[in-house]
Amino acid sequence: MIVAIATAVAPSAFAERLELPPAAPAAPKELAVPRAADRFAPYEALHGSFSSLDHCAGIPGGFWIEVGGKGDCLRTYSQGLSAADNPTVLVYFTGDVLLKTKEGVRFVGSGYERQSPELIGRDMARWSAQAGSPAIFIARPGMFGSSGDHSQRRELREVMLVDGALDAIKRRYRVSTFILAGQSGGGHIAASLLNRRRDVSAVVLSSALLSVREVTDYWNKRRTVQSASNALYNPIDHLVGIRRDPKPLILVLSDQQDRIVPYATQLTYVRRLQAAGYDPQHIILSAADKSHHALARHGRRAAALIARGEKIDTIRAALAGLSAQPDD
């Protein structure tokens, strides 16, 4: 794996479908560079994008990461980082934005084009203030300003690219430990990194995709077009890699009525962790959306409270109270 830091030259799922022109070309484009209030292009999430080391150098917060001789530019959005050491840094991974109908038709969730670097920066600023620690949003390959192919999510290469970005962040900002939070497909990334790294002190997995085969089998029974899972990285199969001394704090946040990532698959992950000698905290919550899936706010709040050193009972009470509040 080759990692190069690119120096910047300047500072919910299954919703409505985004209608794209029928004749929209399917070839990847060079990665666009939205700034400030510019919106992200759904085209890139749908068809992919490419970059280069030189191109990535002009992307704010860009890190050029190479895996297997092929590179991608991962864009990050950070708040609160010190010029000196950063003992603990929070990292957030969002869920998928490229979705499929039961007939296999791909579409981009309508909320994607409403996002901008400015809005993500505000979210990270609030999160950093809540936690009293620096916070970073790492855009997964193919979305929110990172190059790559989002349709290849959950493959080992996606995990390795993000792993490389964490290595680069750790070196550049002198980070000692990470607290990871991931929602849905972003939870797959967080759990995968938990298996691979020794510098993750805590992880919060909200409505997370943790047992890929189990979830794939569930949806294949309900779809006309089948999906394969044998080529994907399955976090639940690699728990042996999680550090043991000291053991990380692991929080799994679930809604028992989740219609996207079935609750039973999240419970399987918790039980496997317990069988492996870990003590995951499984917190049952109520998501406000009709799919009972949107627990990202809860996940970030839990991670912030962990960073502040709060006890698990305090965290549970705070998350229960958050469920009763309207979305921001």
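Arg154 is buried in this predicted model. Its relative accessible area is 11%, under the 20% cut-off for a buried residue. Arg154 is found in the loop between strand E9 and helix H4 (156-173). Its phi is positive, about 70°, although Arg154 is not a glycine. Most residues other than glycine have a negative phi, and most peptide bonds are trans. Ala36 is another non-glycine residue with a positive phi, here about 50°. Ala36 sits in the loop between strand E2 (29-30) and helix H1 (42-47). With a relative accessibility of 47%, Ala36 counts as partly exposed. A cis peptide bond leads from Asp245 to Pro246, with omega near 0°. Pro246 belongs to the loop between H6 and E12.

The search of the whole structure returned 1 disulfide. Cys56 and Cys73 are its partners, with an S to S distance of 2.1 Å. The torsion about their S-S bond is about 70°, so the disulfide is right-handed. Cys56 lies in helix H2 (residues 53-56) and Cys73 in strand E5 (residues 70-79). The pair therefore ties together parts that are 17 residues apart in sequence. Cys56 is buried, at 0% relative accessibility. Cys73 is likewise buried, with a relative accessible area of 0%.

Strand E5 is mostly covered, and 7 of its 10 residues are buried. E5 pairs with strand E4 (residues 62-67) through 6 bridges, and the two run antiparallel. E4 and E5 form a hairpin with 2 residues between them. Gly68, in the turn, has a positive phi of about 60°. E5 also pairs with strand E9 (residues 135-138). This pairing is antiparallel and spans 4 bridges. Here Ser78 stands opposite Ile136 in E9. In a regular strand the side chains alternate between the two faces of the sheet.

The loop that holds Pro246 also holds Asp237, between helix H6 (212-220) and strand E12 (249-254). Asp237 is partly exposed, at 38% relative accessibility. Neighbours within four places in sequence aside, Asp237 is in contact with Arg213 and Arg272. The side chains of Asp237 and Arg213 are joined by a polar contact of 2.8 Å. Asp237 and Leu210 are 27 residues apart in sequence. Their C-alpha atoms are 9.5 Å apart in space.

Helix H9 (residues 312-323) has 12 residues. From its first C-alpha to its last, H9 reaches 17 Å. That span is close to the 16 Å expected at 1.5 Å a residue. The buried residues of H9 are Ile315, Leu319 and Leu322. Seen down the helix axis, these residues fall within an arc of 60°, so they line one face of H9. They pack against E12, strand E13 (281-284) and helix H8 (296-307). The face of H9 turned away from the buried side carries the exposed residues Asp313 and Ala317.

Technical notes:
Residues numbered from 1 in each chain as written. Predicted model: local features only at pLDDT ≥ 70, side-chain atom pairs only at ≥ 80, totals over all residues. Heavy atoms only, no water. Disulfide = S-S within 2.5 Å. Buried < 20%, exposed > 50% of the residue type's maximum accessible area, 1.4 Å probe, protein only. Contact = heavy atoms within 4.5 Å. Polar contact = N/O pair within 3.5 Å; in protein donor to acceptor, adjacent residues only side chain to side chain. Expected span 1.5 Å × (residues − 1). Arc of directions from axis to C-beta. Pairing = 2+ DSSP bridges.
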